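Me: I have a model open and want to talk through it. Can you start with how far to trust it, then go on to the fold?

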Amino acid sequence: MEERTKKKRKPLKDCIVKPGEKSPYANLLVDLAFKKAFDPDKPASRQNLVNLLNDLLEPQLKRPIVTVKTRNVAHNLSGSKESRTAIFDLHCEDDAGNLIEIEVQIRKLKNFRKRLAFYASEMVANQAQTGSGWKFNVKPTYVIAFAQHKVFEDERIVHRATVCDLETGEQFVDTYNFTAVELSKVPFFIELGSSSLRKWLFFFRFLHKLRELPAELDEKKFEQLTESSKVSKFSKKEFEAYQKVYHKEWDHNAMVDGIFEEFADEINAKVAESVSERELEIARKMKAKNMPVEEIVEFTGIPAEQVETLSKG
């Protein structure tokens, strides 16, 4: 049998893009790129998703996932304007009927954990069937959240949770399962002997900073994923949409840096209290610069309705 000639890959230090050089790979934290790489409805990207879910959810799964398909969402009660601009998600169902939702948090939002609980509750409630025949045979739900900002105060990158018996610590019901990943804590470092999970985390955060797959990630599943993550595989329409979103994020990040630099004293002096004149003054200054209401709400905590009534003076 003819063996495939395996490419000899370089170490990570030799695979990092240089200043001014562009990576051939898309940033997987951009909606279009993520969904193209992990589309449940296409064979190659479906296998990428299966690989990701099995490695990420291994401690929580009763058995490995064989395949997945797109889950039609009956209704989404969490589609607020704030959510639509700050997160994107992917809904799928595995071959055992388990419901899975993957959320990528683009910007920092409040009530991180409560929002995940809300999503899981939606998935449970939407399983209800009309009539007297349904006997609450609820399938397990898995909510996975990738956050680009720090959420927890400890140094763990991955937090997992379920519903447990407080005395024994045993799982009380398998209905609710949560996995939260803080990508901001992932270091720009990887070793050959790193776990599959550690490699996935590095891949997610830093793929778009590489010119080629390094030896530390020389596995078939990552090789297949890098091929489907190449910007050159995008159609003209997809590439234009990707660039538009990517540039929007650059603009947002630059704006955030500018706001913190300009209003550093006021923001650092802010204390946890009800809306004060200090927050109102910051909001007025931001509004005078025609900052979006959503951004003003995010940085000051003042309700959108109140921001709308503020003068720009």
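**Confidence first**

Reply: Confidence in the protein is highest in strand β5 (residues 158-164), at 95, and lowest in helix α8 (residues 264-269), at a mean of 47. The score is pLDDT, the predictor's confidence in each residue, from 0 to 100. Helices (H or I, at least four residues) and strands (E, at least two) are DSSP runs, numbered from the N terminus.

Me: Which stretches have pLDDT below 50?

Reply: Residues 253-261 are below 50, and that stretch has ten contacts in the model beyond near neighbours in sequence. Residues 266-275 are also below 50, with 19 such contacts. Contact means heavy atoms within 4.5 Å.

Me: And what is the mean pLDDT of the protein?

Reply: The mean is 82, and 81% of the residues reach 70 or more. This is a predicted model, in which local features need pLDDT of at least 70 and side-chain atom pairs count only at pLDDT 80 or more, while totals for chains, interfaces and linings use all residues. Residues are numbered from 1 along each chain as its sequence is written, and side-chain values use heavy atoms, with hydrogens and water left out.

Me: OK, the fold. How many helices and strands?

Reply: The protein has eleven helices and six strands. Of its 313 residues, 44% count as buried. Buried means under 20% relative accessible area, exposed over 50%, and partly exposed in between (1.4 Å probe, protein chains only).

Me: What about the accessible surface?

Reply: The accessible surface comes to about 17800 Å², and carbon and sulfur atoms make up 53% of it. The areas come from the Shrake-Rupley method with a 1.4 Å probe; for residues, only the protein chains shown count as cover.

Me: Which residues touch the most others in the largest nonpolar core?

Reply: F38, L53, I102, F146 and F204 do, in a core of 44 residues. Two or more core residues come from each of α1 (31-37), α2 (43-56), β2 (87-94), β3 (99-105), β4 (141-147), α5 (196-206) and α6 (220-228). The most come from α5, which gives six. A nonpolar core here is a set of buried Ala, Val, Leu, Ile, Met, Phe, Trp, Tyr and Cys residues joined through side-chain atoms within 4.5 Å.

Me: What does F38 touch?

Reply: Leaving out residues up to four places away in sequence, F38 touches S45, N48, L49, L52, L90, W200, F204 and L225. There is also a second, separate core of twelve residues, with F112, M123, A147 and F152 among them.

Me: Back to α2. Why call it largely enclosed?

Reply: Because ten of its 14 residues are buried. They are S45, N48, L49, V50, N51, L52, L53, N54, D55 and L56.

Me: D55 is in that list. Which residues is D55 in contact with?

Reply: Apart from neighbours within four places in sequence, D55 contacts S196, L197, W200 and K221. D55 counts as buried because its relative accessibility is 17%.

Me: And R46, buried or partly exposed?

Reply: R46, also in helix α2, is partly exposed, with a relative accessible area of 24%. Beyond four places in sequence, R46 is in contact with D39, P40, D41, T67 and V68. The C-alpha atoms of R46 and T70 are 9.8 Å apart, across 24 residues of sequence.

Me: Which residues of α4 are buried?

Reply: F112, R115, L116, Y119, A120, E122, M123 and V124 are buried in α4. Helix α4 (residues 112-125) reaches 20 Å from first C-alpha to last, close to the 20 Å expected for its 14 residues at 1.5 Å a residue. The expected span is 1.5 Å times one less than the number of residues.

Me: Loops next. Where is F136?

Reply: F136 is in the loop between α4 and β4. Its phi is near 60°, a positive value in a residue other than glycine. F136 counts as exposed, at 65% relative accessibility.

Me: And H149, where is that?

Reply: H149 is in the loop between β4 and β5 and is partly exposed at 31%. The C-alpha atoms of H149 and R107 are separated by 7.3 Å. Neighbours within four places aside, H149 contacts Q105, I106, R107, K108, E182 and S184.

Me: Last thing. How many disulfides?

Reply: The count is zero, taking a disulfide as a pair of cysteine sulfur atoms within 2.5 Å. As for individual cysteines, C92 is buried at 0% relative accessibility, and C164 is partly exposed at 36%.
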